[in-house]
Amino acid sequence: MAQDALSEVGLRNPGGNAQALHRSAQGWADLSAYLCEHSARVAEITGVGLETWRGEAAAAFTGRIRGVVDRAERIAQTAEVVAAQQEQHARKHTQVTQIIVELAVMIAATLAFYAAAAMFPALLAWAQAWLAYLVSTGVRVLQMLAQALRVLVNFLVRSRAWIAEVSELTWKSERLSVGYGRMLVEGVRDMGIDLAANLTASGLLGKKIDPAQVFISAGISGVGGAFVGALEKSGISKVLDDAGNVKRGPDGLPVFVAFDSQAKNLVKKIGPTPKPNPPKPLPSESERLLDNVKTAYDNAENLGVKNTPDAGKRLTSELTLARNNHRSAREQHTTAVDEVARAAADVSTRERAVWAHREAVDQATKRVDAAARTVDLYRASDNAEWVEDGIKQLDDARRALTEASGGLRDAQTALDRSRRDLLERQRNADLARDNAALSDAAHDLARNRTDAWDQFDAARTAAREQTSFREQLAFVRKNNAWGASFGTRNSWQEILFYDVPKDALNGMTSGAVKCSIEVARGNGQPGDVWKGALLQGATGAVRGGVNSAGSNTAFPRSGIGETLWKTGSKTADVHVRSNIESGTYGKA
């Protein structure tokens with residue numbers, strides 16, 4: 001596939017396999033490392049064995065082993081040199097191939113942008129298709145070029161939507177509607193087109209620019225365009241619903257039929273009834289494969305996957321990280337739930353302890369009350385021994401009450417601390433649960449993104465292997481943001497019976513006014529007025545037919561592309577008219 005791309009711009013692929021060289025270099029490097037490790041290990045084992053071995057045999061063995069170790073080290077160094085040389089060659093090969101491919105891309109992209117800059121907006125679709133294909137070669141510069149073209153296309157599409165929105169602005173009453181938005185758009189555009197076309201044509205013809213003439217012509221064209229635009233989008237006929245009642249919009253005012261819609265509906269009745277379009281044939285195998293690629297690409301793009309050379313590796317790393325985070329978050333949530341359960345059990349245990357201490361306090365209180373009554377009874381009997389014994393029992397009961405009260409306070413403090421710990425554990429568990437839910441969503445997204453990329457990569461690989469470059473380019477050219485944004489083409493009745501007469505009449509009117517002003521300024525004869533009117537009417541009719549035929553075919557309607565196209569056709573109009581005037585009735 002890369003060879004096809006290079007050959008399209010006249011470059012040759014140098015061939016070779018850089019990846020095989022990288023693998024071979026790695027093999028030599030591994031061999032060098034193994035030999036170094038082996039020789040070091042042999043030397044280590046020999047040194048340990050010779051600590052207790054002496055004599056001639058030991059010396060001979062040592063000399064032999066030393067030679068083996070030295071040869072292994074030399075071979076390891078040689079392998080390392082070979083690995084470094086092969087790695088360097090592989091890097092140079094990769095660099096040369098990348099430079100050649102980038103040159104091909106730069107040539108193709110430059111031609112595409114030159115075409116767009118030369119006022120051929122339809123070629124943006126070809127340029128976008130070309131770069132979309134070349135991006136698959138994995139060169140980083142392609143990403144920047146494709147992104148730049150994608151930004152340009154999106155800008156053109158958004159600007160056209162904005163211009164179309166402004167063109168629909170209307171002022172309405174109960175009797176009529178006035179399309180002031182279309183008046184503004186057409187007036188400004190026609191003025192700018194006339195100004196650019198006259199300046200360009202003057203440069204092509206080598207004529208001296210007359211600022212007054214240029215701006216007068218631009219002003220007249222702007223006024224004429226504003227008048228025609230306002231007339232086309234204005235209306236007095238009201239739309240009726242199925243019951244015959246006037247249809248009203250959200251503002252409560254009637255909905256009107258614009259004059260241009262009425263006129264086009266009328267001219268469409270001219271001629272034979274158009275035949276219905278034949279059913280579309282079933283897609284071929286190549287179209288099915290390429291459509292699978294487009295569907296997979298759209299799915300991946302909707303998930304935020306960018307088509308970069310390292311996308312697969314990056315998404316796999318993201319999935320691994322998300323899986324680890326998800327596993328860790330689930331474990332933390334499980335741990336937090338277990339801690340909540342333990343904290344709840346501790347609270348229950350301490351609540352029972354508080355209840356037991358409270359029972360002990362109650363019993364001690366009753367004992368103190370009983371001992372106090374006994375002392376009172378003993379004092380009434382005037383028996384000193386009994387009184388002394390009763391007081392002793394009362395003191396014991398009060399000490400027991402004091403101890404029980406202290407135990408209750410300690411138990412209550414421990415319960416309060418345990419309850420606070422339970423609340424903290426519950427908050428931690430809630431946070432862990434939320435983190436687990438977030439990590440679960442992140443893991444699902446990472447898995448979906450990886451699956452989407454795998455599906456896209458598999459579909460793209462199948463399409464590369466089973467479709468030709470021409471089939472790929474034709475498919476992408478038909479399925480891109482620029483081409484998909486085109487609307488319905490004009491019918492031949494609209495071109496011949498509406499746009500041609502409209503632009504002819506507009507050209508005659510503006511031609512008569514411009515020539516009259518020039519005659520009044522002393523630049524011409526009175527007879528030039530009707531000649532200029534007829535000539536501009538004729539060229540306006542031709543230009544109107546060309547513009548109408550190209551609308552939503554060579555350029556999309558109501559956008560920057562239309563302005564560029566009409567600037568080019570108006571420049572050709574001025575250039576041809578100037579030559580005709582110079583060659584017929586002598587107007588320079």
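This is a predicted model: local features need pLDDT of at least 70, side-chain atom pairs count only at pLDDT 80 or more; totals for chains, interfaces and linings use all residues.
Lysine 233 counts as buried because its relative accessible area is 19%, which is under the 20% cut-off.

Now show the whole protein chain, where 16 helices and four strands can be found. Of its 588 residues, 34% count as buried, and the structure holds 27 salt bridges.

Next, select helix H6 (180-205) and helix H7 (211-233), each of which supplies at least two residues of a nonpolar patch. This surface patch, with about 850 Å² of accessible area together, includes Leu169, Trp171, Tyr180, Met183 and Phe259. Methionine 183, placed in helix H6, counts as partly exposed at 34% relative accessibility.

Move on to helix H10, residues 311-380, whose 70 residues reach 101 Å from first C-alpha to last, close to the 104 Å expected at 1.5 Å a residue. After H10 comes aspartate 382, with a positive phi near 60°.

At the start of H11, select asparagine 383, where a side-chain oxygen reaches to within 3.1 Å of the backbone nitrogen of glutamate 385. Helix H11 itself covers residues 384-466, and because its 83 residues should span 123 Å at 1.5 Å a residue, the 120 Å between its end C-alpha atoms agrees with that expectation.

Along helix H11, stop at histidine 443, which counts as buried at 10% relative accessibility. Leaving aside neighbours within four places in sequence, histidine 443 is in contact with Leu319, Ala322, Arg323 and His326.

Further along, select arginine 460 and aspartate 457, whose side chains meet in a salt bridge of 3.3 Å, N to O. Because they are three residues apart in helix H11, about one helical turn separates them. Arginine 460 is buried, with a relative accessible area of 13%, whereas aspartate 457 counts as partly exposed at 30%.

Finish with glutamate 518 and arginine 521, which meet in a salt bridge of 3.2 Å, N to O; glutamate 518 counts as buried at 6% relative accessibility, and arginine 521 as partly exposed at 36%.

Key
Residues are numbered from 1 along each chain as its sequence is written. Side-chain values use heavy atoms; hydrogens and water are left out. The expected span of a helix is 1.5 Å times one less than its number of residues. A polar contact is a pair of N or O atoms within 3.5 Å; within protein, one must be able to donate a hydrogen and the other to accept it, and residues adjacent in sequence count only if both atoms are side-chain atoms. Buried means under 20% relative accessible area, exposed over 50%, partly exposed in between (1.4 Å probe, protein chains only). Contact means heavy atoms within 4.5 Å. Patches are made of residues with over 30% relative accessible area and no salt bridge: like charges are joined within 9 Å, nonpolar side chains (Val, Leu, Ile, Met, Phe, Trp, Tyr) within 5 Å. Accessible areas come from the Shrake-Rupley method with a 1.4 Å probe; for residues, only the protein chains shown count as cover. A salt bridge is a side-chain nitrogen of Lys or Arg within 4 Å of a carboxyl oxygen of Asp or Glu.
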